[in-house]
Amino acid sequence: MTLLKSMSTITIIIPVHNAWERTSRCLRALAETTPAEDVDVLVADCHSNDLTPTRCPAMVTEIFGQRGSYHRFNSHVSKYESILHCAQHVSSPLLFLLDNNVVVSGSWLYPLIQAFNDDAGLGAAASLHLLPGLDRVESAGTVFHVDGYTARLHCNVPAGHSFVQKTRRLTAVSDHALLIPRNLFLECRSHIHHAPPGFEDLSLYAALKTRQRRVICAPQSRVLSRSRFTDKQHPGPLPESLRAFFPPDYIQHALDDGLEVRVTQSVLVYLALPESTSRSLLDGFPSPIDVVKLAECLEDEPYWENGYELLCGYLEKHGLLEEAMVWRYWQCRMYPHLHNARLLLALARQRGDDDMIDRASDLLANLLDTRTDIDRRRTVLKQHIDYFISHDHPELSIPFVRRLEELNKNTNSAC
């Protein structure tokens with residue numbers, strides 16, 4: 001690959017491997033929303049064997065002219081291998097790393113550039129990642145649980161919510177739509193080359209951290225996911241080589257936002273409004289329930305656990321099963337209880353909605369699978385109890401202590 005000299009400020013690098021339809025949608029969205037005079041587009045084909053090699057070069061030329069280019073690797077390479085190779089052969093000072101399952105929207109670019117103009121210590125800026133077809137968040141940042149697993153910050157929360165718009169310190173963000181200075185990215189290539197498989201993004205952020213560079217999610221820059229949502233971001237908990245770079249911060253973000261940390265019987269940790277706030281909201285609703293106002297309230301207070309149950313129960317009681325199914329789904333996404341998943345599956349079957357049946361079945365299977373690993377559940381509970389006590393929040397450990405006592409009691413009874 002020869003050096004692609006350009007006067008453009010930004011080169012967008014799109015690593016692809018098959019999934020031509022996604023790539024074509026991604027390219028057309030770029031053409032509609034990207035300023036032509038200052039951006040180059042480079043598709044890095046990681047040895048696709050579908051229609052990509054025959055269709056993509058012509059489309060890139062048709063849409064972007066001289067600003068567009070296509071490079072095909074002779075054998076399969078990983079996402080980050082392709083990006084590193086391309087980054088060494090372009091001359092733009094900024095790189096925008098874009099997955100082909102993401103569609104940019106609106107004025108996505110300027111908020112990212114402005115973030116760098118406002119912060120000389122910034123290392124990378126990510127777009128706010130929204131769920132497909134919805135104004136709800138897929139990722140407003142990557143956060144870390146006490147047991148080393150990653151989570152998406154405020155996943156499923158309405159995109160306009162103050163929690164999402166809030167400027168906050170992050171140690172990692174989604175890399176699906178990421179702006180980063182080219183020279184800085186190349187400085188980090190050794191970390192990326194030696195990253196544990198599946199953790200290349202976190203190895204990049206670890207390298208930025210060693211250089212005292214910050215990362216942010218810019219909520220005014222929005223991109224839409226075009227692939228089916230999955231809870232899994234990384235192949236497992238943080239490897240030991242990365243633990244020191246990413247201390248647990250999930251709980252601290254929750255406390256900063258005035259939320260409570262709770263735990264299900266399956267020992268899945270989730271967030272909810274404090275009981276006092278929940279009771280105040282409930283007391284404020286007249287009888288009979290105004291279902292429109294209740295739905296609006298849940299948009300404003302997406303962590304109101306009792307509110308979801310109140311709304312779903314009302315809709316089901318009055319035969320509004322389509323609406324009830326949608327809200328049951330959001331309830332399951334926010335509150336991963338077995339009871340919720342079973343109710344959703346029953347509704348989906350009653351409606352004959354095959355897609356929702358699949359989603360509910362997956363949710364239920366994951367929850368049941370989690371319950372079978374007694375040792376892991378016990379370990380997670382102990383980790384959280386130790387964390388709360390060591391961080392001067394012993395009162396927050398109470399739900400976890402109770403769950404541990406309940407788990408031990410049930411295990412001993414079974415024996």
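The largest cavity holds about 40 Å³ of space, in a model that is predicted. On a 1 Å grid over the protein atoms alone, a cavity is a set of points where a 1.4 Å probe fits but cannot get out, and lining residues have an atom within 4 Å of a point. By this rule there is one cavity of 30 Å³ or more. Local features need pLDDT of at least 70 and side-chain atom pairs count only at pLDDT 80 or more, while totals for chains, interfaces and linings use all residues. Residues are numbered from 1 along each chain as its sequence is written, and side-chain values use heavy atoms, without hydrogens and water.

**The largest cavity**
- Its lining consists of Phe144, His145, Val146, Pro248, Asp249, Tyr250, Ile251, His384 and Tyr387.
- Helix H10 (250–256) and helix H17 (374–390) are the elements that give two or more residues to this lining; helices (H or I, at least four residues) and strands (E, at least two) are DSSP runs, numbered from the N terminus.
- The lining of the largest cavity comprises six nonpolar, two polar and one charged residues, where Ala, Val, Leu, Ile, Met, Phe, Trp, Tyr, Cys and Pro count as nonpolar, Asp, Glu, Lys and Arg as charged, and the others, Gly among them, as polar.

**Valine 146**
- Valine 146 is placed in the loop between strand E8 (142–144) and strand E9 (150–152).
- Valine 146 counts as buried because its relative accessibility is 15%, buried being under 20% relative accessible area with a 1.4 Å probe and protein chains only.
- Apart from neighbours within four places in sequence, valine 146 is in contact with Pro248, Ile251, Gln383, His384 and Tyr387; contact means heavy atoms within 4.5 Å.

**The second largest pocket**
- The second largest pocket has about 720 Å³ of space; a pocket is an open set of points with protein on both sides within 12 Å along at least five of seven lines, and a volume is the space filled by probe spheres set on the points.
- Of its 33 lining residues, Lys79, Asp99, Asp175, His176 and Gln233 lie nearest the centre.
- This lining divides into eight nonpolar, 16 polar and nine charged residues.

**Helices H12 and H13**
- The axes of helix H12 (residues 291–300) and helix H13 (residues 305–317) come within 10 Å and cross at roughly 150 degrees; axes are lines fitted to C-alpha atoms, for helices over the stretch in contact, with angles from 0 to 180 degrees between N-to-C directions.
- The contact of H12 with H13 has nine nonpolar, one polar and no charged residues.

Definitions and conventions. Buried < 20%, exposed > 50% of the residue type's maximum accessible area, 1.4 Å probe, protein only.
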